[in-house]
Amino acid sequence: MVTEVITEENRKTYMQLMKHDEILGIENDRFACFGAYDEDTGEALGLITAEVYLDHIRIRRIISSPKNAETEKALMALVTNLPEELMLPVYYYGTDEEVDETLLLECDFTEVPSQYSYIEGTAEKLRDIGNLFRVCEVKTLDKAPLNGVQNFIIGTKPDNLLEVPDSYLNLKRFSDASLVAVDQHRIVGILMMEETDDLIEVPYICATGNKVTIFLFHVLRKMCIAKYGPNARLRFVIRGKLKEIAIHALMKDGIVKKVRIFKYV
């Protein structure tokens, strides 16, 4: 077995294992991807995708085909066994079905307390509020004042793990379809979206009032159904009981899933 960095030049070896957002992540230098292949046959055996932030590294996905613990351990070592001067805390997080606890523990990860959960549902499950009074103008991120968006996010002091890991506006991460609420040239609310192959994740929502929040969800529902279809899968990152109550009020039959966090230092 040979391991290597996956680049645009050699990625064809791993195409059957890669997701579209991983291919884009390599192209725009957002993701670091490593692969393992059989030295005799040249066949791909697995890959691992990581994202490097200012203060930590997040392992986003690890896969082997066929499923092989030794392949996955070798790939994990590429991310965790870095030179001391490059080493940062490494995290892997997800729901029960996304976490391979046995692999993580064998690779010396430790589960740490989590204050996060996800609420999942489809676009059509967002409440149809009907003819809602327009309380503000809503722009997509690509048409919003980026300095203003950046200042708004920093001013709300988001967490530095699941919501806004680098505490700044990373345009490589967030979708241009993210929503920015503006009232009299002042930003009053933001709903940030991240698009992956599997779902649309909303890690960050903040507004100056409940009416703005409701209006953002009103626009989100219309946009998602029009752009992605009524069955588009949505995932909201939740930190705190108040936000969980608010999302439940705006999404019918939303499914709550606990986020488990594993850390390697």
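In the predicted model, seven strands form an open sheet of mixed pairing, in the order 8-9-10-11-12-7-13. Strands (E, at least two residues) and helices (H or I, at least four residues) are DSSP runs numbered from the N terminus, and two strands pair if DSSP finds at least two bridges between them. Strand 8 (137-140) and strand 13 (255-258) each have a single partner strand and stand at the edges, so one side of each is left without a neighbour in the sheet. On average, neighbouring strands of this sheet are turned by 25 degrees against each other, direction ignored. Axes are lines fitted to C-alpha atoms, for helices over the stretch in contact, and angles between N-to-C directions run from 0 to 180 degrees. Strand 8 runs antiparallel to strand 9 (residues 179-183), and four bridges join the two. Glutamate 137 has valine 182 in strand 9 as its bridge partner.

Helix 4 (residues 146-155) packs on the sheet, where it touches strand 9, strand 10 (186-195) and strand 11 (200-207); contact means heavy atoms within 4.5 Å. The direction of helix 4 makes about 90 degrees with that of strand 10. Val149, Gln150, Phe152 and Ile153 are the buried residues of helix 4. Seen down the axis of helix 4, these residues fall within an arc of 165 degrees, so they line one face of the helix; the arc is that of the directions from the helix axis to the C-beta atoms. The exposed residues Asn147, Asn151 and Gly155 are carried on the face turned away from the buried side of helix 4. Buried means under 20% relative accessible area and exposed over 50%, with partly exposed in between (1.4 Å probe, protein chains only). Lysine 157, which follows helix 4, has a positive phi near 50 degrees.

Helix 6 (residues 241-250) lies across strand 7 (116-122), strand 11, strand 12 (233-239) and strand 13, and runs at about 155 degrees to strand 12.

The lining of the largest pocket comprises 30 residues, of which Lys19, Arg60, Arg61, Glu98 and Asp198 lie nearest its centre. Strand 4 gives the most to this lining, with four residues.

Residues are numbered from 1 along each chain as its sequence is written. Local features need pLDDT of at least 70, side-chain atom pairs count only at pLDDT 80 or more, totals for chains, interfaces and linings use all residues, and side-chain values use heavy atoms, with hydrogens and water left out.

Definitions and conventions: 1 Å grid on protein atoms, 1.4 Å probe; cavity = no way out; pocket = protein on both sides within 12 Å on 5 of 7 lines; lining within 4 Å.
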